[in-house]
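Welcome to my notebook. I jotted down what I looked up, in the order I got to it.

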Amino acid sequence: MPPGGAFRALLLLLCGASAAAPPGGLNVTCHNQQVTVSWEDRGPGTSYTVRVEGSAGEQESETTGNRYDLTRFVWASEDRSLGFHSVTVTAHDGGNQSETMESETFTFNHLKPAHIKCKLDFPPVDLNEANSEFTLSFQNPLLFYTELKQVPGSSSPTFTFNGSNFSGECHADDKKCKLTLPGGLPAGERCVQSLDGKVAYGSRSISFRKTGPVCAPVSTDWGVLVLSLMLLLFFIVTSVVIVLICRVKAWTMKNNPAKTPISLVLDAHEGDMRYALVSREDLSPVTVTENQISRTLPVCSEEDLRLDGGVSEDDGGVSEDDSEETEAESIDLPHYDRRQMLEVDMGDGDLAIGYSHRRVVTAPGDHERAGALGGHRNANGHFDLIFMEMA
């Protein structure tokens, strides 16, 4: 605590005045070039006296908040920016005054002894490759930070920077700091792993934080890129042409069915050479009528039976009573028992026209008579009687 602060605290104790609660948590923060001090707020109605003291002068200010910006004070001159400082804060609540709280010392000068060493951020850095050489480049920090540029009465500063196996510098009148790396980079590497620097004002300096790694972009092989683009363009054009050809071909087939392959015809029989093409416009409605056929079958004479290979009287043939019975039973036969006309080749060019008659035999006597007439029994119990007539 400075002598002045101790004296004020002792004076308050001697006078017996009731003290306000002191501000706790006093803290100084360096965020790049910005410097602030903050503390715990003691509630509404409390004001604070902020006093900056150090190797390059002092300043006292009043505030009602719990934060105060020290940037303008620090960068007001070369001596202040390179000196060391401390901050004291006193709370006032009505007519009462608190104990004065003091912060840790801080400085941007890395050669000065202080609790807090503030540093600036390194400007953005580029690493480029050309003709197998790597070059570092970045904006001059003396121009990048307006606080460094506007320091009144500053001497001609120099910015120096260092890597793992190289170092370089630039001056206040250089807009950019550049360095071609001597010896390049190790085989297979394209990055500078770390980079730091400082602004020197004679024997005093302001330090910068390390940055890295900084890598060079991969060089583009323009020949390969152009070839790839040409192949891509060729593929796109070819695809478009194929699609257009297919669409035109499909449209042509749709308008000219004769050129359409059989496998693409929706109608399975259309275009098939096994089927004759019939114009659908020539078709006319068909009328179906029933042909009324006589349901009465003619009665064969005994002579016809003998000519057809039937049974004669000597063989125990059928009597007239049996013929009459056959005639009676042949009337009103169903459709499937009607006679069927047949054309039979008798040999030597002789043709015979005959018919067959099917009837159902149920009585035992009918079986014998049907067999005698030359009928043949089938699996369903029917006898087929065939009568022949010469053409």
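Which residues form one aromatic cluster? I found Phe122, Phe138, Phe144, Tyr145, Phe159, Phe161 and Phe208 in it.

Before going on, I noted that this is a predicted model, where local features need pLDDT of at least 70, side-chain atom pairs count only at pLDDT 80 or more, and totals for chains, interfaces and linings use all residues. Residues are numbered from 1 along each chain as its sequence is written, and side-chain values use heavy atoms, with hydrogens and water left out.

**Rings**

I searched the whole structure and got 11 aromatic pairs (rings of Phe, Tyr and Trp, the latter by its six-membered ring, with centres within 6.5 Å; planes under 30 degrees apart are stacked, over 60 edge-to-face, the rest tilted). One of them is Phe138 with Phe159, edge-to-face at 6.0 Å centre to centre and 80 degrees between the planes. Phe138 sits in strand E12 (residues 133–139) and Phe159 in strand E13 (residues 158–162), 21 residues apart. Strands here are DSSP runs of E, at least two residues, numbered from the N terminus.

I checked burial too (buried is under 20% relative accessible area, exposed over 50%, partly exposed in between, with a 1.4 Å probe and protein chains only). Phe138 is buried at 1%, and Phe159 is buried at 0%.

**Sheet**

Next I looked up an open sheet of four strands, ordered E14-E13-E17-E18 with antiparallel pairing (two strands pair if DSSP finds at least two bridges between them). Its edge strands are E14 (167–171) and E18 (204–207). I counted four bridges between E17 (residues 196–201) and E18, and I saw Lys198 opposite Ser207 in E18.
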